[in-house]
Amino acid sequence: MIYGTEENRNETECAGFVLKYLEKQGAQARITLNKGCINTICLLNGKTDRLQMSNDRALTIQIYHKNRYGNFSTNRLEKGELEKFAENALRATMLVEEDPARALPEKELYYRGENRDLGQFDSSIFTIPDERKKEIVLEICSSMEGNRYLVSAESEYNDYLDYQYIIDSQGFEAHSLQTDFDVSAQCSVRNGADARYESSWYESAMHFRKLDYKRCGIEALERGIAKFNPAKVMSGKYNMIIENCCASRVVSPVINGLSGSLVQQKNSFLAGSLGKRVFGKNVTFKDRPHRYGMAGSRYFDSEGIATKEMTFIENGIINNYFIDSYYSRKLNMPVTVESPSVPEIVCRNESGNEFRGPRELMREMGNGILVTGFNGGNCNGATGDFSYGIEGFLFSGGTIIHPVREMNITGNVVSLWNNLAAVGKDPLKWAKWQIPSLAFENINFNGK
Amino acid sequence: MQESFASLFGVTCSQLQKLISIAMEEGGEYADIFFEYTTANELSLRDNRINRAGSHIDYGVGIRVIKGEQTGYAYSETTAMPQMEKAARFAAKIASSGKTLSMPAALRKIEGNDFYPMKRDLESFGIEEKLPFLELLDRRIFELERRCTKVRATINDSLSKIMFFNSYGEFYTDTRPLVSVVGSATFEHDGRLESAGASKSFRAGAEILSGPLIEELARAIAAKGAFLFQARQPAGGEMPVVMAAGSSGILLHEAVGHAFEADFVRKGTSIFSDRLGMQICDKSITIVDDATLAANRGSLNYDDEGIPGQRTCLVEKGRLNSFMHDRISAKYYNTAPTGNGRRESFRYMPIPRMRATYMENGEFSREEIIAGVRKGIYATDFSNGQVQIGAGDFSFYVKSGYIIENGKLTAPVKDINIIGNGPQALGEISMVGNDRTIDNSTWTCGKGQYCPVSCGMPTVLVKRLVVGGLT
């Protein structure tokens, strides 16, 4: 148990002890206690490969002293050690230069508590027998075994318990508790040639009874076998569909570009874009941080600031940046939130039609390349220029022709999101970022 | 046992022996205990002022039990005996039968080297001494490139104290320093933004920070910023690629390095699984993974399972000579461990990982190699890479370079991804330069857990790779 025990009370007392010590020295502070517990069982080819138990705890101490700032952490929670650590931390902070923007947030921004439970905790985590966990990984592994192409099969079960407690010098005090249960299957398959094709699948749930693990192994296996006999494709402009499981890769440059920190440092291609239409009219991004039972949902961010529903891009227009209290003062802009909690894309399909997933999107787009994974690459945050390696399938007439190999996509984030043609309705239910499959037109693919 | 370390972790020899006995009591074949006390400091500059200090302590012990190829692992963030005994009991569960082996009564120190002696210790290296370096870096970038509008810089230093003990009665202690300076800047010209960065990192004491090192970084960042205003994304497609000496070592790391890690080989998932002893590329190519380079970010006196740091020749004159082994894979292949058993911290079990991976020199000059290309890319500055171990497809990102036309460097290029197939790319290296350079940037390898590494390369010509670009 990491919560509600004597040990936990001692740890929260430690947080209070450090806060009082620092306040006595004339400083303000925010103390965050993070605890985590993970249990892992991993099978390789039907045999237990790895058993692991992890218990973590750490105290993070953020000190604000006369507009100076320091960020410290330790997992040594004995009071004698802590006092010495806090004393050294304060001394280090006092050597930093003054920055008028460094201070705790304005108190009226704090979360005030008493909202309904977000449905992120399952107490059955304490009672699930080890035998049941083993049954699950064994079932996943068994579902891959016996296939004639299989080289190796791995399955893994993890359960997580995360606890966070925050206390600061302005009276903010709150805690959160989350559970997570996940399973994964990974396989390597081969059809005679040297190449072995790897594939994996992952399922997750915040409540054990909702963990949908039955098809995990089969999904990994089928996706691996589908990669056999890939062929290089000619360079050119193609329609591109990105499957839901990897679509966040093209969303993250947009989210990063809205970061107050990067905007203030002029290190974002979206700096100076507030109120301007940058992306296609069919592009709308929202953050819905209070969705019940979602992994990223939260009532307060790491500063204790209350989260709220927010549209950060509306019909292609930049409505909001992600601004915490520090960058609010630096940029002279109102605080929004440090980062999105449960971002989702709410895009209109121009045709008025609805598409469930990649299959329907392929039918709509006719020809192109379905991207099912990324292989490296990067995006230049200052310019929005990107180049990513991809894996996936060439499709024509709405159906898959063959897997592709050694291909890149190259372009700019702004032009990419001006070429959004259609979206699916299939965000993964467990994902923190609710991004469905996406279809784009006119994308530069580099092949042979 | 070194008294100062035993006292640091508050344990005695008899307690360690008791923990090993508990770990082995279910029939484990091998057990080890890995103590770690890491202090990491950071000091950051933004908007022309030192605006953030930080210090982080990570303390704990990991206990591992091996039975065949199976591993039980648990860790504790305190070194009180009840918590360590609980961890040992959990790890022991991996074995459920078998004879309980007794450990030797006599302890034996594992002999190692000292690849990172500290002339100026890090524990007394205070903020006042670091400040001037950050201020100098900030000032010099602004002086060198008038289009600079923002500079961000950080000095990170850490010191890890390690104590290791295993069921063979072997032990070692090690003190691992790591010092890094990371700088980046934003440049603005006619409303256009560009961002460039560079870093230096060493396993060394505070003596490594110097005015010349900061000047080298400042010049690199300013030059990259200026370069980017001239550069464009080129036309993409399949073409010859000349990899500049130094950070192009990421080609080795991604294209073949991971596939030589013996855990992937043991599971049969590596594309090189069946090719040990075979000629896999031209005889001019020798590839090494090395823990013995002085002050190198990837160097280790001992790996994290008690094997002395060593140099491992992976490919010798084109022949696949060795994989990178930890204890489990070495036992499986009936060979000696190569000192590649590494872990991010006591929270992780060791697995085969790279250290400093580089290619040895060949015979050609850089100019000769470029002159041999009619139309291609000369790639000079690299960042992240990735590989699919089984299929062998790898990629890495080129931050800057040049187009080669008729043997001459012409237009500057930037922001392109290069993708290829590892065994094929290795087979298509047709010229190897004589200018091998080890790149001392802050390379960090991710394989479920992070480890500091480095890489190096002479200039090489790869006859054919897919270059990202516009069409």
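**Met53(A) and its partner.** I started with Met53(A) and looked up its bridge partner in β3(B), which turns out to be Ala74(B). I'm keeping in mind that this is a predicted model. Next I checked the two strands: β2(A) and strand β3 of chain B, residues 70-76, run parallel and are joined by four bridges.

**Where the chains touch.** I then looked at the whole contact between the chains and found 65 residues of chain A in contact with 66 residues of chain B. Which strand gives the most to the side of chain A that touches chain B? I got strand β2, residues 47-65, with 11 residues. I also sorted that side of chain A by residue type, and I have 31 polar, 17 nonpolar and 17 charged residues down for it.

**Helix α5 of chain A.** I moved on to residues 248-257 of chain A, helix α5, and noted its buried residues: Ser248(A), Val250(A), Pro253(A), Val254(A) and Gly257(A). What covers them? I listed several elements of chain A, including the strands β7 (236-242), β12 (368-379) and β13 (385-396), along with α6 (260-264) and α9 (413-418).

**Chain B overall.** I counted 10 helices and 23 strands in chain B. Along the principal axes, its C-alpha atoms fill a box of roughly 70 × 55 × 35 Å. I wanted to know how that chain compares with a compact globule: for 471 residues the radius of gyration would be near 23 Å, and chain B has 24 Å, so the two agree. Last, I looked at contacts in chain B between residues at least 6 apart in sequence, and 75% of them join residues at least 24 apart.

Definitions and conventions
Residues numbered from 1 in each chain as written. Chains lettered and ligands numbered in written order. Predicted model: local features only at pLDDT ≥ 70, side-chain atom pairs only at ≥ 80, totals over all residues. Contact = placed C-beta atoms within 7 Å. Nonpolar A, V, L, I, M, F, W, Y, C, P; charged D, E, K, R; others polar. Pairing = 2+ DSSP bridges. Buried ≥ 20, exposed ≤ 12 C-beta atoms within 10 Å, placed from the backbone. Rg over C-alpha atoms; globule rule 2.2 N^0.38 Å.
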